[in-house]
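Please look at the sequence and the structure before reading on.

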Protein chains: 2
Amino acid sequence: MRRTRFDDARCPVARATDLMGDWWTPLVLRDAFFGQRRFSGFQESLDIPKAVLAARLARLCDEGMMEKVPYSEHPPRYEYHLTDKGRAFWDVLAAMWRWGTDWCWPEGEHPYLSLKSRATGQIVHPIVVDELTGERLDLDAVRFGRTSTG
Amino acid sequence: MRRTRFDDARCPVARATDLMGDWWTPLVLRDAFFGQRRFSGFQESLDIPKAVLAARLARLCDEGMMEKVPYSEHPPRYEYHLTDKGRAFWDVLAAMWRWGTDWCWPEGEHPYLSLKSRATGQIVHPIVVDELTGERLDLDAVRFGRTSTG
């Protein structure tokens with residue numbers, strides 16, 4: 001069954017959802033963010049069926065989030081590099097990481113791995129703020145409004 | 001075909017992905033964040049098949065992100081209220097909103113709706129920062145490390 005598509009929706013969340021609905025995709029991106037570039041590398045790291053991985057990488061290229069870059073001519077071989085659009089998705093993954101860490105482990109337990117600052121080694125806690133004010137994005141303090149007029 | 005499950009994965013992103021893979025779920029949550037509570041309201045707003053909506057709401061209750069609250073005894077009727085775990089997912093949606101807004105519209109076009117501050121009416125631009133330092137979460141400045149020791 002083909003799932004419902006949201007990629008022409010009027011809502012930015014819906015368009016992002018369309019991509020996330022390909023349920024391996026955030027994990028492919030996670031590995032790409034931390035240096036993975038080759039088909040065999042993704043496959044080994046994720047233990048993902050080849051056909052599924054090929055479909056996910058093709059979709060990410062179609063979306064302009066990754067691009068195929070040749071690294072060998074004989075035989076022809078390609079790496080998958082993140083584009084600016086792909087790298088920008090990191091914020092979504094960071095927010096998912098935080099939420100998963102806070103809410104998806106039993107009380108008193110923690111994920112084995114944490115995000116850490118390369119400079120200080122301190123654990124990093126992603127939060128979402130308003131770029132203008134630097135304040136937490138309180139759900140009760142925002143509303144939807146027309147982009148043009150308000 | 002049952003899709004691959006990630007809900008027991010060691011990675012917080014994977015656990016969050018498991019939920020997002022139910023591809024209507026972020027949109028159900030989006031509507032809940034902006035006040036929707038009733039089955040009929042979600043259904044009308046999302047134009048979603050009843051069986052799919054029922055499955056998504058049941059999953060969100062199972063996950064502890066929503067709870068069923070009776071609002072009528074005769075006949076028995078329920079509303080779906082967000083829990084703290086559900087409300088915390090707002091950060092993920094806000095990051096998705098930002099990414100979708102920035103990257104999923106043609107150059108020079110914008111989504112019809114924006115997130116705005118209730119207080120000032122200004123458009124709000126969600127970004128992800130480190131809670132400790134308030135600095136942008138630069139992908140090149142973080143790494144994975146063991147939670148316990150470093």
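In this model, helix α2(A) passes α1(B) in a right-handed crossing; a crossing is right-handed if the near helix is turned clockwise from the far one by less than a right angle, and left-handed if anticlockwise. Helices (H or I, at least four residues) and strands (E, at least two) are DSSP runs, numbered from the N terminus. The model is predicted: local features need pLDDT of at least 70, side-chain atom pairs count only at pLDDT 80 or more, and totals for chains, interfaces and linings use all residues. Residues are numbered from 1 along each chain as its sequence is written, while chains are lettered from A and ligands numbered from 1 in the order in which they are written.

**The helix pair**

- The axes of α2(A), residues 25-33, and α1(B) come within 9 Å and cross at roughly 155 degrees; axes are lines fitted to C-alpha atoms, for helices over the stretch in contact, and angles run from 0 to 180 degrees between N-to-C directions.
- The two helices, α2(A) and α1(B), are therefore roughly antiparallel, a term for angles over 145 degrees.
- From α2(A), the residues A:P26, A:L27 and A:R30 meet B:V13, B:A14, B:T17 and B:M20 of α1(B).
- This contact of α2(A) with α1(B) comprises 5 nonpolar residues, 1 polar and 1 charged; Ala, Val, Leu, Ile, Met, Phe, Trp, Tyr, Cys and Pro count as nonpolar, Asp, Glu, Lys and Arg as charged, and the others, Gly among them, as polar.

**The interface as a whole**

- In total, 69 residues of chain B are in contact with 69 residues of chain A, where contact requires C-beta atoms, placed from the backbone, to lie within 7 Å.
- On the side of chain B that touches chain A, α6(B) provides the largest share, 14 residues.
- That side of chain B consists of 39 nonpolar, 15 polar and 15 charged residues.

**Strands across the chains**

- Strand β5 of chain A, residues 142-146, is joined to β3(B) by 5 bridges, and the two run antiparallel; strands pair if DSSP finds at least two bridges between them.
- Opposite A:G145 stands B:S114, in β3(B).

**Chain A**

- Chain A contains 6 helices and 5 strands, in the sequence pattern α-α-α-α-β-β-α-α-β-β-β.
- The C-alpha trace of chain A spans about 55 × 40 × 35 Å along its principal axes.
- Of the 150 residues in chain A, 36% are buried, with 20 or more other C-beta atoms within 10 Å of their own.

Methods
Two residues are in contact if their C-beta atoms, placed from the backbone, lie within 7 Å. A residue is buried if 20 or more other C-beta atoms lie within 10 Å of its own, exposed if 12 or fewer, and partly exposed in between; C-beta atoms are placed from the backbone. Angles under 35 degrees count as roughly parallel, over 145 as roughly antiparallel, 65 to 115 as roughly perpendicular and the rest as oblique.
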